[in-house]
Amino acid sequence: MKYKLEKPVHAVIGTEKYQCSIEWRNGKFIADEPLSGGGKDLGPDPYTLLLSSVASCVLVTLRMYIDRKNWDISSITVNVNMYQELVNDVLTTVIDRDLILNENVPDERKIKLQEIASHCPISKILESGVRVRTFVFKTGETKTIKYGNEEITVLWKPEFCQHSTRCWKQLPQVFKPSEKKWIDPNAAPAERIREQVNRCPSGALGFLQALAKDK
Ligand code: SF4
């Protein structure tokens, strides 16, 4: 498992309704809710941000393709919007993109561009089975949490965990992310736990060889 972004998107909200300060790799911007949503409309709302991602991804994908093909298309514009409706009692989201080209382009090229657009990475993400997971930590949590018995003490540094799922998929009786005390050192032989700890890709897991009776 490797995260797509080397630096995660970092966002903070305080008590000011509803300004979120969003930090990305190379800068910062404000997101907000519209006036109708109780915000001050000082920045894009979450739906706008989502659709902006769709818009920029399709434009970059098309530009790369057009340049590779050496086609004479000086600019592409896209309008993106979405709606939601119930289809057989299931809430369904539809995102529509209208592409506007600056030049007269033959129909077969338009069809090709439509096809390329449908393969842009963000479209593919949105059309695949996306899961959104949430993990909760206390501010500044850099501590090492220990889970031990007489034979082994497993160390976990939440800040380093990349949620790769490797530990809990490979040794689910010990690593149980849905439980508060999520590592149970009694549920497998110490040797097996040590082996699993060594497979952690982020260095979030470690162990102490010596005896310890921690929480
Ligand atoms: S502790 Fe390591 S193996 Fe387990 S989820 Fe975190 S990064 Fe993955």
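The C-alpha centres of domain 2 and domain 3 lie 42 Å apart in this predicted model. The domain assignment of the protein chain places domain 2 at residues 45-132 and domain 3 at residues 145-208. Domain 1 is assigned to residues 10-44.

**Confidence**

- The protein chain has a mean pLDDT of 91, and a pLDDT of 70 or more is reached by 94% of its residues.
- Over residues 211-215, by contrast, pLDDT stays under 50.
- For residues 211-215 the model has ten contacts beyond four places in sequence.

**Strands E2 and E3**

- Strand E2 comprises residues 20-24, and strand E3 comprises residues 27-31.
- The two strands, E2 and E3, run antiparallel and are joined by five bridges.
- A hairpin of two residues connects E2 to E3.
- Trp-24 has Gly-27, in E3, as its bridge partner.
- Strand E3 lies largely in the open, because the number of buried residues among its five is zero.

**Helix H2**

- Helix H2 consists of twelve residues, 107-118.

Technical notes:
Residues are numbered from 1 along each chain as its sequence is written. This is a predicted model: local features need pLDDT of at least 70, side-chain atom pairs count only at pLDDT 80 or more; totals for chains, interfaces and linings use all residues. pLDDT is the predictor's confidence in each residue, from 0 to 100. Two residues are in contact if their C-beta atoms, placed from the backbone, lie within 7 Å. Helices (H or I, at least four residues) and strands (E, at least two) are DSSP runs, numbered from the N terminus. The expected span of a helix is 1.5 Å times one less than its number of residues. A residue is buried if 20 or more other C-beta atoms lie within 10 Å of its own, exposed if 12 or fewer, and partly exposed in between; C-beta atoms are placed from the backbone. Two strands pair if DSSP finds at least two bridges between them. Domain bounds come from an automatic or database domain assignment.
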